[in-house]
Amino acid sequence: MTDARTPLIAGNWKMNGVAAGGAELAAAVSAGANDVSAELLVCPPTVLIAPVGAALRDGVALGAQDCHFAQSGAHTGDISAEMLADAGCAYVIVGHSERRADHGETSGDVCAKAMAAYRAGLRAVICVGETEAERDAGKTLEVITAQLNGSVPSAATAENTVVAYEPVWAIGTGRTPTNDEAQAVHAHIRAALSASHGAAVSDGMRLLYGGSMKPENAQGLLAQPDIDGGLIGGASLKAEDFLAIAASCP
Ligand code: PEP
């Protein structure tokens, strides 16, 4: 983390919660927002965007977990980036490994979704990460480079894009890379973005770590020079844990 990049702590609530509990969680996160210097973001399930948005106070941004690439049309069950912006979202996560795995999303799809986010005035949180088999085969950096090249649009800037490195084997498992291993991949991501988008974009862009980040391990990860925040799954469902992670930012 450097002073030039404001840390971002983002909560991915995944497919959890109903309106009452979601609003309660949003209110509890809002109540602690003034006590942390990090920017806070919560990404509830789509149907909870309205009640969660109504319960959030200044200082906590609202985001979604996915969007379609098209603006409107015959896409039953899908939601456009413009609809998310209209509902009060400022961010949208694209390319989460669960969507890549469960819905067969390719990096090309992710790139189209990120461009849809820009079109609607949203910031894209673009996720990349290797599987355990890829890590064991020594292919982590190769896989990450290919995902970045395919998923991050040429129009990406430090303002409209955040990249989240989420090793698939660390998501929801309680396992994490060591602080040094995580830093090494983040440094690689920043170098790859510098090669593709230039040093100014890469130096300013926030890179988040995601995968079993908790209050107990957040401080070491967030202290790394190229880790600018976290994308938090399970621990974002408890305001106390989410805020404790945010308070760990240097
Ligand atoms: C995630 O799925 O984005 C994530 C990081 O999950 P968890 O924190 O539960 O590992």
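**View 1. Helix H5 packs through its buried residues against helix H3 (81-86), strand E4 (91-94), helix H4 (97-102), strand E5 (123-128), helix H7 (140-151) and strand E6 (161-165).** This is a predicted model, in which local features need pLDDT of at least 70, side-chain atom pairs count only at pLDDT 80 or more, and totals for chains, interfaces and linings use all residues. Residues are numbered from 1 along each chain as its sequence is written, and side-chain values use heavy atoms, with hydrogens and water left out. Helices (H or I, at least four residues) and strands (E, at least two) are DSSP runs, numbered from the N terminus. Among the buried residues of H5 are Val110, Cys111 and Tyr118; buried means under 20% relative accessible area (1.4 Å probe, protein chains only). After H5 comes Gly121, with a positive phi near 85°.

**View 2. The largest cavity holds about 30 Å³ of space.** A cavity is a set of points, on a 1 Å grid over the protein atoms alone, where a 1.4 Å probe fits but cannot get out; lining residues have an atom within 4 Å of a point. The lining includes His96, Arg100, Cys127 and Glu166. H4 and E5 each give at least two residues to this lining.

**View 3. The largest pocket holds about 500 Å³ of space.** Of its 19 lining residues, Thr46, Gln65, Asp66, Arg99 and His103 are the closest to the centre. A pocket is an open set of points with protein on both sides within 12 Å along at least five of seven lines. H4 supplies the largest share of the lining, 3 residues.

Note on methods. Buried means under 20% relative accessible area, exposed over 50%, partly exposed in between (1.4 Å probe, protein chains only). Contact means heavy atoms within 4.5 Å. Grid points are joined across faces, edges and corners, and a volume is the space filled by probe spheres set on the points.
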